[in-house]
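Let's walk through this model together, one topic at a time. Have the sequence and the 3D view ready as you read.

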Amino acid sequence: METTRSLLPPGALAGWRVALDTANGSTCATSPMVLRGFGATVDALGAEPDGKNINAGVGSEHPGKLAARVRETGAQIGIAHDGDGDRCILCDEHGAVLDGDEILTLLALHALNRRSLAADTLVVTVQSNLGVDAAVRAAGGRVERSAVGDRYVIEKMLATGATLGGESSGHVIFSDISRTGDGLVAALKVLEVMLETGRPLSELRKGLKKFPQATSSLRVREKLPLDALPPLSGEIAALERELGAEGRVLVRYSGTETKLRLLVEGPTAAAVKSGLARLDTAARQALEVV
């Protein structure tokens with residue numbers, strides 16, 4: 001609590017209205033307390049835990065209600081956590097949702113502009129949009145990618161000297177503060193950027209222009225090594241050659257489920273839709289889908 005209270009000046013949010021969704025979870029008391037302590041008027045939802053309703057239709061995985069609340073109340077920002085409070089998803093003043101990639105990019109671009117991004121490096125996972133790399137590179141920084149998961153993000157951060165990293169799901173890590181994601185810290189850091197620049201989120205988010213992306217997943221009978229599946233590995237290689245630097249292909253097994261996850265990014269929506277269909281066909285030829 002003391003750390004979060006030191007992230008903004010006293011009274012920094014006086015006159016601000018903040019819509020806050022705490023997912024009926026662990027931050028129901030703490031996040032509104034901190035925001036009100038900075039002077040904000042907080043409109044709370046997902047703040048009635050009963051021991052069973054955590055993440056139930058609210059929170060960072062269900063931002064629709066938060067977006068509606070922002071539009072209803074005229075809030076300058078909407079903040080959503082997940083049940084354990086380590087994620088942050090935002091809504092701009094129009095109720096449009098910002099995911100983790102957008103949050104990480106605006107934080108990185110602001111830090112690069114101030115020459116305060118450690119090692120000039122942002123760490124994201126293989127799941128993040130290729131547009132993150134383009135935006136950070138254009139601003140003079142670089143992006144390092146890790147496997148999916150907080151532990152891999154922080155490992156890459158420690159290896160590269162970066163202090164900012166995270167995932168598109170809304171996990172944002174400031175390793176000089178904590179080595180795990182903290183949704184409230186992430187939100188306060190974004191608020192700091194808004195205060196310093198005088199710009200609303202709807203403008204700050206424009207720093208990231210996402211590449212068209214298509215994803216899907218297939219439940220499979222068995223997780224066979226991908227390099228031992230010629231129909232699939234061959235299609236992956238062909239797509240990578242065709243897309244070149246203008247796109248990417250990611251095929252991986254889920255770490256927790258018997259699912260194969262497919263992702264294609266490219267220069268146009270048509271290209272990624274076609275690419276995903278090709279991967280889907282190849283995967284069904286190579287694996288038993290259930």
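We can begin with the rings: the model has zero aromatic pairs, where a pair means rings of Phe, Tyr and Trp (its six-membered ring) with centres within 6.5 Å, called stacked if the planes are under 30 degrees apart, edge-to-face if over 60 and tilted for the rest. Before going further, note that this is a predicted model, in which local features need pLDDT of at least 70 and side-chain atom pairs count only at pLDDT 80 or more, while totals for chains, interfaces and linings use all residues. Residues are numbered from 1 along each chain as its sequence is written, and side-chain values use heavy atoms, leaving out hydrogens and water.

What about the cysteines? A disulfide is a covalent bond between the sulfur atoms of two cysteines. Here there are zero disulfides, counting cysteine sulfur atoms within 2.5 Å as a pair. Cysteine 91 is in no disulfide either, with the sulfur of cysteine 88 the nearest at 10 Å. Cysteine 91 is buried, at 0% relative accessibility, and cysteine 28 is buried too, at 17% (buried is under 20% relative accessible area, exposed over 50%, partly exposed in between, with a 1.4 Å probe and protein chains only).
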